[in-house]
Amino acid sequence: MTSVNVSDQEAQHLCFQEWMKLQEQDLLELLHAHHHSSSSSASTYRTSANSDSHLKQLIAKSIKHFQDYIDNRRHFARNDVSAYLAPTWCTTLESSMLWISGCRPSSFIRLVYALGGRELESHLSNYLQGKRYGDLGELSTIQLKSVDELQMKTIRQENRLSQMLASLQEEIADQPIAIIANEVGNFAEICGEAEEALDKHAKCLMHVVEEADKLRMETFKELVMNILSPFQALEFLIASKKLHLCINAWGEKRDLQHGRNRGTAERNICPTLS
């Protein structure tokens with residue numbers, strides 16, 4: 001199996017750190033757009049051609065940044081896929097929530113439902129008076145049907161990939177790896193036969209990770225490009241980035257509380273506009 005030198009490890013960590021910084025930058029830009037839209041006297045701005053055009057540009061930018069991160073990760077993972085299934089650059093809180101090297105794609109949909117329910121509750125009296133905001137609390141019947149169908153489709157694919165990963169984990173206790181391990185005289189050494197078996201196992205793991213990343217991107221794009229309106233997609237993107245950044249920050253604080261100092265500096269998480 002190809003060993004990972006120090007520069008590769010540093011590059012893996014740097015890739016994640018740059019992604020988190022980009023998340024913060026994108027969030028500030030999205031918050032600015034949301035602030036500008038919310039300051040309008042009515043919801044007409046949110047559905048105007050100029051507003052839609054600007055919001056679509058921001059959405060496309062977020063999609064590109066997500067795709068770039070996935071592509072960069074894939075480049076490093078091909079040399080050391082195990083590092084992405086147990087990433088040392090994540091907090092223990094983040095690691096406990098990982099599904100095949102990232103978030104569950106279905107969590108995007110759960111977030112849409114959670115945001116929609118909260119906004120429906122907070123604006124219920126205004127809705128009854130005929131006021132409209134164009135937010136996630138106003139998902140149409142067609143949109144709800146599309147979200148529900150996407151959720152069922154995504155969960156089926158998640159289950160398929162989870163089963164593939166489970167099978168690969170079970171294979172460790174089967175031939176050839178278990179037999180090779182049982183026959184070695186010095187367990188600290190790794191023979192060519194073991195290297196070959198582990199390399200083959202890593203290639204299978206890489207395929208599962210790539211399929212999981214593909215599902216994440218497909219689900220994300222289907223939501224923000226094809227189902228949600230530009231303003232609804234803006235709300236979703238803001239909430240998802242805040243969630244990601246906050247989980248990272250909360251995880252760092254909890255690690256410090258338990259004496260796990262990862263040597264990371266605290267950042268200004270979840271910025272708001274005054």
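**Entry 1: the largest cavity.** I listed the lining of the largest cavity and found Arg73, Arg74, Ala77, Tyr84, Met206, Val209, Glu210 and Asp213. The model is a predicted one. H2 and helix H9 (192-227) are the elements that give two or more residues to this lining. I noted that H9 supplies the largest share, 4 residues. By class, the lining of the largest cavity divides into 4 nonpolar, no polar and 4 charged residues. I put the space in this cavity at about 40 Å³. My search of the whole structure returned 3 cavities of 30 Å³ or more.

**Entry 2: the largest pocket.** I turned next to open space. The largest pocket has a volume of about 860 Å³. Which residues lie nearest its centre? I wrote down Gly102, Cys103, Ser107, Phe108 and His244, out of 33 lining residues. H1, H2, helix H5 (106-122), H9 and helix H10 (230-257) each bring at least two residues to the lining of the largest pocket. H10 gives the most, with 6 residues. I sorted the pocket lining by class and got 19 nonpolar, 7 polar and 7 charged residues.

**Entry 3: the loop between H4 and H5.** I checked backbone angles here. Ile100 is found in the loop between helix H4 (92-96) and H5. Its phi is positive, about 50°, although Ile100 is not a glycine. Ser101 is found in the loop between H4 and H5 as well. Phi of Ser101 is near 75°, again positive in a residue other than glycine. Are these residues buried or exposed? I have Ile100 at 6% relative accessibility, so it counts as buried under the 20% cut-off. Ser101 has a relative accessible area of 6%, and therefore it is buried too.

**Entry 4: a cis peptide.** I looked at omega. The peptide bond that joins Gln175 and Pro176 is cis, with omega about 0°. Where does Pro176 lie? I placed Pro176 in the loop between H7 and helix H8 (177-183).

**Entry 5: helix H7.** I followed the chain back into H7, which covers residues 141-171. This helix has 31 residues. I took its span from first C-alpha to last and got 45 Å. That is close to the 45 Å expected at 1.5 Å a residue. Which residues of H7 are buried? My list reads Gln143, Val147, Leu150, Gln151, Thr154, Glu158, Leu161, Leu165 and Leu168. I marked Glu158 as a buried residue with a charged side chain. Leu150, Leu161, Leu165 and Leu168 are among the nonpolar entries on that list.

**Entry 6: aromatic rings.** I counted 7 aromatic pairs in the structure. One of them is Trp19 with Tyr69. The ring centres of Trp19 and Tyr69 are 4.7 Å apart and the planes are at 5°, so I logged the pair as stacked. Trp19 lies in helix H1 (residues 6-38) and Tyr69 in helix H2 (residues 49-77). The pair therefore ties together parts that are 50 residues apart in sequence. I found Trp19 buried, and Tyr69 likewise. Which residues form one aromatic cluster? I wrote Trp19, Phe66, Tyr69, Phe108, Phe220 and Phe236. Phe108 was already in my notes, as one of the residues nearest the centre of the largest pocket.

**Entry 7: cysteines.** I ran the disulfide rule, and the count comes to 0. Cys15 has a relative accessible area of 9%, so it is buried. Cys90 is at 11% relative accessibility, so I count it as buried.

**Entry 8: the whole chain.** I left the overall tally for last. How many helices and strands does the protein chain have? I got 10 helices and 0 strands. From the N terminus on, the elements run α-α-α-α-α-α-α-α-α-α. The protein chain has 274 residues, and 41% of them count as buried.

Definitions and conventions
Residues are numbered from 1 along each chain as its sequence is written. This is a predicted model: local features need pLDDT of at least 70, side-chain atom pairs count only at pLDDT 80 or more; totals for chains, interfaces and linings use all residues. Side-chain values use heavy atoms; hydrogens and water are left out. The expected span of a helix is 1.5 Å times one less than its number of residues. Buried means under 20% relative accessible area, exposed over 50%, partly exposed in between (1.4 Å probe, protein chains only). A disulfide is a pair of cysteine sulfur atoms within 2.5 Å. Rings of Phe, Tyr and Trp (its six-membered ring) pair if their centres lie within 6.5 Å; planes under 30 degrees apart count as stacked, over 60 as edge-to-face and the rest as tilted. On a 1 Å grid over the protein atoms alone, a cavity is a set of points where a 1.4 Å probe fits but cannot get out, and a pocket is an open set with protein on both sides within 12 Å along at least five of seven lines; lining residues have an atom within 4 Å of a point. Grid points are joined across faces, edges and corners, and a volume is the space filled by probe spheres set on the points.
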